[in-house]
Structures are given as C-alpha cells and as structure tokens.
Amino acid sequence: MKKIEVFLAVMLVVIGIFCLTMSGTLMLETGLTVFLTTFVQVCLWMGVPLVLTAIIYWQYARKRR
C-alpha cells in the first residue's frame, strides 16, 4: 500500500469515529463533556475487536513459525 492510501484509510476511519460520536452525542445532550465521554466510549468499544484480532493474528503467526 502506498502512503497516500494508508493516509486516506486512516482519515476515513477517523471521520467515521467522529460521525459516530456526533450522532451519539446529539441523541443524549449537547456539550463538550458529553462529546468527549461518548468519544472515549466509542474508542474503547472499537479497541476491543482490534485487540482480539491482534491476539488471534499473533497466535496464528506464532504457530506458522
């Protein structure tokens, strides 16, 4: 992958996280504190599948050696 492709993929993920955070914030209340709380919760929930995928990949790569 070229650097520009990686950059575009990361930007799309970041924009998606912000859109998800904004929709969650507008459903509850408006305010910076609510936005930051929702943002942290969204990031934590996105981190769980990433960590599980990394652990599975690490185990798979370890067995292939």
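Predicted model: local features only at pLDDT ≥ 70, side-chain atom pairs only at ≥ 80, totals over all residues.
## Overall shape

The chain contains two helices and zero strands. Its C-alpha trace spans about 50 × 25 × 15 Å along the principal axes. The radius of gyration is 16 Å, whereas a compact globule of 65 residues would have a value near 11 Å. Of the 65 residues, 12% count as buried.

Helix 1 covers residues 3-28 and helix 2 covers residues 32-64. Helix 2, with 33 residues, reaches 47 Å from its first C-alpha to its last. That is close to the 48 Å expected at 1.5 Å a residue.

An unreviewed UniProt entry lists residues 7-28 and 34-58 under "transmembrane region". In the model, residues 7-28 are 100% helix and 0% strand, and the end C-alpha atoms of this span lie 32 Å apart. Residues 34-58 are likewise 100% helix and 0% strand. Here the end C-alpha atoms are 36 Å apart.

## Aromatic pairs

The count of aromatic pairs comes to three. One of them joins Phe18 and Phe35, whose ring centres are 6.2 Å apart with the planes at 10°; the pair is therefore stacked, as the angle is under 30 degrees. Phe18 belongs to helix 1 and Phe35 to helix 2, so this pair ties together parts that are 17 residues apart in sequence.

Phe18 also pairs with Phe39. Their ring centres are 5.4 Å apart and their planes stand at 20°, so this pair is stacked too. Phe39 lies in helix 2 and Phe18 in helix 1, so the parts tied together are 21 residues apart in sequence. Ring pairs link Phe18, Phe35 and Phe39 into a cluster. Phe18 counts as partly exposed at 38% relative accessibility, and Phe39 as partly exposed at 24%.

## Buried residues between the helices

In helix 2 the buried residues are Val34, Phe35, Thr38 and Val42. Helix 1 is included in what covers them. An α-helix has 3.6 residues a turn, so residues three or four places apart point the same way.

Thr25 is placed in helix 1. At 4% relative accessibility, Thr25 counts as buried, because the cut-off is under 20%. Neighbours within four places in sequence aside, Thr25 is in contact with Thr30, Gly31, Val34, Phe35 and Thr38. Among these contacts, Val34, Phe35 and Thr38 are buried residues of helix 2.

## Cysteines

The count of disulfides comes to zero. For Cys19, the closest cysteine sulfur is in Cys43, 13 Å away, which is too far for a bond because a disulfide needs the sulfur atoms within 2.5 Å. Cys43 is partly exposed, with a relative accessible area of 32%.

## Summary

The model has two helices and zero strands, with a radius of gyration of 16 Å. Phe18 of helix 1 pairs with Phe35 and with Phe39 of helix 2. Thr25, buried at 4% relative accessibility, is in contact with residues including Val34, Phe35 and Thr38. The chain has zero disulfides.

Note on methods:
Residues numbered from 1 in each chain as written. Heavy atoms only, no water. Phe/Tyr/Trp six-rings, centres within 6.5 Å; stacked < 30°, edge-to-face > 60°. Helix = DSSP H or I, 4+ residues; strand = E, 2+ residues; numbered from the N terminus. Buried < 20%, exposed > 50% of the residue type's maximum accessible area, 1.4 Å probe, protein only. Contact = heavy atoms within 4.5 Å. UniProt positions renumbered as here; feature names shortened; annotations may be inferred. Expected span 1.5 Å × (residues − 1). Rg over C-alpha atoms; globule rule 2.2 N^0.38 Å.
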